[in-house]
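Thanks for making time this morning. I'll walk you through one structure, helix by helix.

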Amino acid sequence: MPVVFVMAFLLSMYWRKFGNQPGGDKGEAPSRVLKSLIREVEESSGYTRNDARAKAKAWLVENVTSLGENELFLAKEHFNYLLPPDWGVKA
């Protein structure tokens, strides 16, 4: 029985680190992640909306270099109020 619990624990740790996490996949296209974040914010309310906004802001700040012009425009349209004024400006 303890072996089953240890295996379940290890599997859950593996799944959290490498499993299918919405918005967190390294191989997922930035445009798909951005659209998923927009949908998540629009479909949430209350405290969950605040959490979704914080998640979107963190992802956008961290992944700004991987976004194309269309994604930058879309992100600014939806999340401009969350982002720093100079976010997305290419040097």
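**A walk through the helices**

Let's begin inside helix α3, where Ala52, Ala56, Trp59 and Leu60 are buried. Buried here means under 20% relative accessible area; exposed means over 50%, and partly exposed lies in between, with a 1.4 Å probe and protein chains only. Looking down the axis of α3, these buried residues fall within an arc of 95°, so they line one face of the helix. The arc is taken from the directions that run from the helix axis to the C-beta atoms.

A word on what you are looking at. This is a predicted model, where local features need pLDDT of at least 70 and side-chain atom pairs count only at pLDDT 80 or more, while totals for chains, interfaces and linings use all residues. Residues are numbered from 1 along each chain as its sequence is written, and side-chain values use heavy atoms, with hydrogens and water left out.

Now the overall layout. The protein chain has four helices and zero strands. From the N terminus on, the order reads α-α-α-α. Helices (H or I, at least four residues) and strands (E, at least two) are DSSP runs, numbered from the N terminus. Of the 91 residues in the protein chain, 24% count as buried. Take the contacts between residues at least 6 apart in sequence: 46% of them join residues at least 24 apart. Contact means heavy atoms within 4.5 Å.

Back to α3. How far apart are its end C-alpha atoms? They are 23 Å apart, which agrees with the 22 Å that its 16 residues, 47-62, should span at 1.5 Å a residue. That expected span is 1.5 Å times one less than the number of residues. The face of α3 turned away from the buried side carries exposed residues: Tyr47, Asp51 and Glu62. And what covers the buried residues of α3? The cover includes α2, residues 30-42, and α4, residues 69-79.

On to α2. Its 13 residues should span 18 Å at 1.5 Å a residue, and its end C-alpha atoms are 18 Å apart, which agrees. Val33, Leu34, Leu37, Ile38 and Val41 are buried in α2. Seen down the helix axis, they fall within an arc of 135°, so they line one face of α2. On the other side of α2, Arg32 and Glu42 are exposed. The cover over the buried residues of α2 includes α3 and α4.

Next, α4. Which of its residues are buried? They are Glu71, Leu72, Ala75 and Phe79. Down the axis of α4, these buried residues fall within an arc of 100°, so they line one face of the helix. Glu69, Asn70, Phe73 and Glu77 are exposed on the other side of α4. The buried residues of α4 pack against α2 and α3.

Take Phe79 first. At 1% relative accessibility, Phe79 counts as buried. Leave aside its neighbours within four places in sequence, and Phe79 is in contact with Leu34, Leu37, Ile38, Val41, Ala56 and Leu60. Phe79 and Ile38 are 41 residues apart along the chain, yet their C-alpha atoms are separated by 8.5 Å.

Now Glu71. Glu71 is buried yet has no salt bridge; Lys35, the nearest side chain of opposite charge, is 7.0 Å away. For charge, Lys and Arg count as positive and Asp and Glu as negative, while His and the chain ends are not counted. Not counting residues up to four places away in sequence, Glu71 touches Ser31 and Leu34.

So where is a salt bridge found? The side chains of Glu40 and Lys55 meet in one, at 3.2 Å, N to O. The pair links distant parts of the chain, with Glu40 in helix α2 and Lys55 in helix α3, 15 residues apart. A salt bridge is a side-chain nitrogen of Lys or Arg within 4 Å of a carboxyl oxygen of Asp or Glu. By this rule the count is one. Glu40 is partly exposed, at 29% relative accessible area. Lys55 is partly exposed too, at 33%.

Last, the core. The largest nonpolar core has 16 residues, and Leu34, Trp59, Leu60, Leu67, Phe79 and Trp87 touch the most other members. α2, α3 and α4 each supply at least two residues of this core. α2 gives the most, with five residues. A nonpolar core is a set of buried Ala, Val, Leu, Ile, Met, Phe, Trp, Tyr and Cys residues joined through side-chain atoms within 4.5 Å.
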